[in-house]
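Please read it alongside the sequence and the structure.

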Amino acid sequence: MVRLPYLTALTTLFSYGLLFAFGHFRDFFRRILDAGKSSNLKGYAPICLGYEDFYTRRLYLRIQDCFGRPIASAPDAWFDVVERHSNDGNKTLQRTTKTSKCLNLGSYNYLGFAAADEYCTPRVIESLKKYSASTCSARVDGGNTKLHTELEELVARFVGKPAAVLFGMGYVTNSAIIPILIGKGGLIVSDSLNHISIVNGARGSGATVRVFQHNNPAHLEDVLREQIAGGQPRTHRPWKKIIVIVEGIYSMEGELCNLPEIMAVCKKYKAYTYLDEAHSIGAVGKTGRGVCELLGVDPADVDIMMGTFTKSFGSCGGYIAASKEIIHHLKHACPAHIYATSMSPPAVQQVISAIKVVLGEDGSNRGAKKLAQIRENSNFFRSELQKMGFEVLGDNDSPVMPIMLYNPAKIPAFSRECLRQNVAVVTVAFPATPLLLARARICISASQSREDLIKGLEVISKVGDLIGINYFPVEQEKVASVDKLKKLE
């Protein structure tokens with residue numbers, strides 16, 4: 001998946017080695033200088049101690065201005081980024097009253113619903129007036145409005161499952177649901193690059209967890225065959241149940257799941273399938289129904305389908321879609337449903353309205369245009385980046401496209417220089433990725449015009465040349481493709 005050149009790996013390791021060495025030297029001299037000072041812990045053990053604290057102090061704080069940038073407008077194709085400054089070497093950052101209008105290549109606003117919409121926004125405002133911003137109650141108490149019921153039915157119809165249940169947060173949808181579906185005596189077989197919400201949900205379930213190589217159906221079959229033959233640890237009894245968990249689009253790689261092949265393996269070994277469509281539902285497929293539609297898989301064959309409303313529908317929360325029996329069980333057993341406050345009614349209405357636009361039930365063809373636009377924008381941007389010599393991960397049709405940076409010095413250099421030229425990007429490094437595989441994650445939106453994309457490509461091309469992240473040869477006959485396209489526009 002990632003072709004890391006030996007020289008790049010060597011220089012990246014050397015750079016991290018220098019940072020760690022200087023960090024430990026500074027800690028050593030700090031302990032000497034502070035030896036005579038009295039501790040203010042008053043007998044308590046320090047909460048932050050060890051490697052995590054060292055990494056934060058000596059590496060993260062150096063570049064923290066590249067993360068958590070506040071914005072002052074809706075996350076549309078262009079948005080206002082609040083400028084910040086530091087007077088203490090980046091240990092703390094202070095906001096200013098100034099903002100910069102930047103091209104938004106960081107928000108996962110795939111279909112452009114995060115900004116004001118002619119169909120969604122008036123209905124959201126009306127729901128706010130009618131229901132207020134919060135139900136102030138759980139669904140099982142006084143927090144169940146007719147909007148929640150309507151959205152559950154709409155989601156089930158949209159993804160092609162008999163029933164669905166809503167949750168107020170996408171992360172919680174995975175981390176709280178998986179322990180309810182499986183426990184001790186069960187086996188979870190998880191893709192090696194699954195999201196941390198899946199990882200934490202699997203760990204909290206009490207089930208045995210095994211990992212298969214990323215997107216590798218052959219290795220998945222090997223793992224299943226070995227585990228079924230061996231049975232549970234120590235007792236060797238048969239597993240109570242087996243669940244295979246994969247993602248539709250992997251958020252840090254931009255890759256599509258090899259779903260047809262993985263489904264075939266799961267059917268062969270009678271394992272349940274759990275599909276996380278956080279980044280794929282609404283963004284891919286002819287009618288926006290995700291990787292099942294894109295790859296020709298019948299949704300009825302997928303046992304549990306998970307998705308979020310934050311990426312394609314401009315809202316918040318998540319859902320689980322499955323059989324009526326599974327949904328009934330989750331509603332009566334999942335703490336995230338029983339005890340957590342229900343989704344905000346305006347947020348629910350936003351999702352209802354957005355899905356109706358996608359389905360064409362608003363009386364227009366805007367939904368179809370948005371789906372065509374996100375596909376066209378994604379494939380155009382990916383193709384141009386590859387022509388420039390960047391190492392871009394992921395597949396065609398995916399709106400997520402990571403650009404590999406590798407070296408720690410190139411993380412802040414890329415982020416700061418892009419921002420200086422009014423392009424806002426997201427950079428990702430350890431612990432969100434392996435130490436040597438830092439990257440910039442580009443997210444494309446249907447709201448962006450061809451002129452917007454060309455502007456982004458021009459800036460990324462200049463910054464890439466400046467900091468040296470063109471790891472592949474530039475296609476000579478197409479080196480001026482962006483300039484030609486700009487002239488055509």
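A pocket here is an open set of grid points where a 1.4 Å probe fits, with protein on both sides within 12 Å along at least five of seven lines, and its lining residues have an atom within 4 Å of a point. The model is predicted.

**Pockets**

The largest pocket is lined by 49 residues. Those nearest its centre are Met 252, Val 428, Ala 429, Ala 432 and Thr 433. Several elements each supply at least two residues of this lining, namely helices H1 (6-33), H5, H6 and H14 (410-420) and strands E8 (304-308), E12 (426-428) and E13 (439-443).

The second largest pocket has 25 lining residues, and Asp 27, Arg 30, Asp 34, Arg 57 and Arg 58 lie nearest its centre. H1 and helix H2 (51-58) are the elements that give two or more residues to this lining. The largest contribution is that of H1, with six residues.

Volumes and lining composition are set out below.

| Pocket | Volume | Lining residues by class |
|---|---|---|
| Largest pocket | about 1,200 Å³ | 28 nonpolar, 14 polar, seven charged |
| Second largest pocket | about 810 Å³ | eight nonpolar, five polar, 12 charged |

**Helix H6**

Helix H6, one of the elements that line the largest pocket, spans residues 196-205. Its buried residues are Ser 197, Ile 198, Gly 201, Ala 202 and Ser 205. These residues cover an arc of only 130 degrees around the axis, which puts them on the same side of H6. On the other side, Arg 203 and Gly 204 are exposed.

Just after H6, Gly 206 has a positive phi of about 85 degrees.

**Strand E13 and its partners**

Strand E13 also contributes to the lining of the largest pocket. Five of the five residues of E13 are buried, so the strand is largely enclosed by the rest of the structure. Arg 439, Arg 441 and Cys 443 point one way from E13, while Ala 440 and Ile 442 point the other way.

E13 pairs with two strands described here. Strand E10 (residues 400-404) runs antiparallel to E13 and is joined to it by five bridges; Val 400 stands opposite Cys 443. E12 is also antiparallel to E13, with three bridges between them, and Val 426 has Arg 441 as its bridge partner in E13.

Definitions and conventions:
Residues numbered from 1 in each chain as written. Predicted model: local features only at pLDDT ≥ 70, side-chain atom pairs only at ≥ 80, totals over all residues. Heavy atoms only, no water. Buried < 20%, exposed > 50% of the residue type's maximum accessible area, 1.4 Å probe, protein only. Helix = DSSP H or I, 4+ residues; strand = E, 2+ residues; numbered from the N terminus. Arc of directions from axis to C-beta. 1 Å grid on protein atoms, 1.4 Å probe; cavity = no way out; pocket = protein on both sides within 12 Å on 5 of 7 lines; lining within 4 Å. Points joined across faces, edges and corners; volume = space filled by probe spheres on them. Nonpolar A, V, L, I, M, F, W, Y, C, P; charged D, E, K, R; others polar. Pairing = 2+ DSSP bridges.
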